[in-house]
Amino acid sequence: MDRFHELNAFIAVVETGGFSAAARKTGESQSAVSKAVSALEKRLGVALLHRSTRKVTLTDQGQRYYERTKPLVDEIQVADSELTSSTLDVSGLVRIAAPSTFGRLHVLPLIPELLSRHPGLRVDLVLSDAVRDMVEDRIDLAIRVSPINDPDSVVRHVADTSLVCAGSRRYFAQHRIPKTPAELADHNCLVYGDMTEWPFTGPEGRFSVPVNGNLSSNSVETILAGVLAGVGIGMFHRASLVKEFQHSDVITILDDFVNEPRGVSLVWPKRRFVPTRVRRATDFFAMTLPLRV
């Protein structure tokens, strides 16, 4: 049996989590996929998969084998596609991750143009405020608006935004507007994620102020809703408040203390070969995102 066919079957089973799903992905019968994986295991003399009636998981040897062979198979497939003019006709799936609010405001509106430029492309857009494991979640490209410290990723800075403190006139009608960050201790500060300390810059440099309030959430949308409802003060990336800045009830505060830039970056897993479809998507967002942020 063809070794490349065996590898493709094995990788499909690993990435889909089962033989029937792998058969649907490859377009083969379930028995053909099962025979290919069994032939591979027999040739290697080791069990690569744990099989049960409910699920299929990797053995330790299977995990190591997958990590070594997956990049090789990807490189062969991309080399084949490039020689069949894929540089002119980009096709395939690109899985893109972005923060929920930023993605809704700035990434989602660009997707139709990306698909129009590359009709053969398919996009799976994952909007989540959680920083996802790109390898585990099979993310091809992540768009991030936060500091990045990931030695296993390539980072391409494309734009800048900034932090901003904001509240509603309804809230400030009942609470005086703070003139310094220290005065936030007397206010109801709505906490996003683990941002229990808000960063500021003063004459002596950067400093942070602990904050707390009666509403916290891992969703920027929730904190925005709280601010609009007059519940309290929030700190956001300016790029997340495009529509809110048009709202007459929303005002920014402490502007002289909040001026540190936040980079908007494109991030992808570090590997020897990046598929053409991912390169095209990356170049597209590198060109278009700075025009929106």
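What follows takes up a helix pair, then the salt bridges, and then a pocket and a cavity.

The model is a predicted one, and features of local detail are considered where pLDDT is at least 70. Two packed helices are described by the angle between their axes and by the distance between those axes. For helix H2, residues 19–26, and helix H3, residues 30–44, the axes come within 8 Å and cross at roughly 105°. Since an angle from 65 to 115 degrees counts as roughly perpendicular, H2 and H3 are therefore roughly perpendicular to each other. On the H2 side the contact is made by Phe19, Ser20, Ala22, Ala23 and Thr26, while H3 brings Gln30, Val33, Ser34 and Val37 to it. Sorted by class, the residues in this contact of H2 with H3 comprise 5 nonpolar and 4 polar ones, with no charged residue.

Charged side chains do pair elsewhere, and the count comes to 10 salt bridges. One of them joins Glu15 to Lys70, with the closest N and O atoms 3.0 Å apart. This pair links distant parts of the chain, for Glu15 belongs to helix H1 (residues 3–16) and Lys70 to helix H4 (residues 60–83), and 55 residues separate the two.

Rolling a probe the size of a water molecule over the atoms shows where empty space is left. The second largest pocket has a volume of about 690 Å³, and 34 residues line this pocket, with Asp129, Val145, Ser146, Tyr192 and His237 lying nearest its centre. Several elements each supply at least two residues of that lining, namely the strands S3 (91–98), S5 (141–144), S8 (197–202) and S11 (233–237), together with the helices H5 (100–107) and H8 (220–228). By class, the lining of the second largest pocket holds 21 nonpolar, 7 polar and 6 charged residues.

The structure also holds 1 cavity of 30 Å³ or more, and the largest cavity has a volume of about 40 Å³. Its lining is formed by Leu163, Pro199, Phe200, Thr201, Phe257, Val258, Asn259 and Glu260, and strand S8 gives the most to this lining, with 3 residues. The residues lining the largest cavity divide into 5 nonpolar, 2 polar and 1 charged.

Conventions: Residues are numbered from 1 along each chain as its sequence is written. This is a predicted model: local features need pLDDT of at least 70, side-chain atom pairs count only at pLDDT 80 or more; totals for chains, interfaces and linings use all residues. Side-chain values use heavy atoms; hydrogens and water are left out. Axes are lines fitted to C-alpha atoms, for helices over the stretch in contact, and angles run from 0 to 180 degrees between N-to-C directions. Helices (H or I, at least four residues) and strands (E, at least two) are DSSP runs, numbered from the N terminus. Angles under 35 degrees count as roughly parallel, over 145 as roughly antiparallel, 65 to 115 as roughly perpendicular and the rest as oblique. Contact means heavy atoms within 4.5 Å. Ala, Val, Leu, Ile, Met, Phe, Trp, Tyr, Cys and Pro count as nonpolar, Asp, Glu, Lys and Arg as charged, and the others, Gly among them, as polar. On a 1 Å grid over the protein atoms alone, a cavity is a set of points where a 1.4 Å probe fits but cannot get out, and a pocket is an open set with protein on both sides within 12 Å along at least five of seven lines; lining residues have an atom within 4 Å of a point. Grid points are joined across faces, edges and corners, and a volume is the space filled by probe spheres set on the points. A salt bridge is a side-chain nitrogen of Lys or Arg within 4 Å of a carboxyl oxygen of Asp or Glu.
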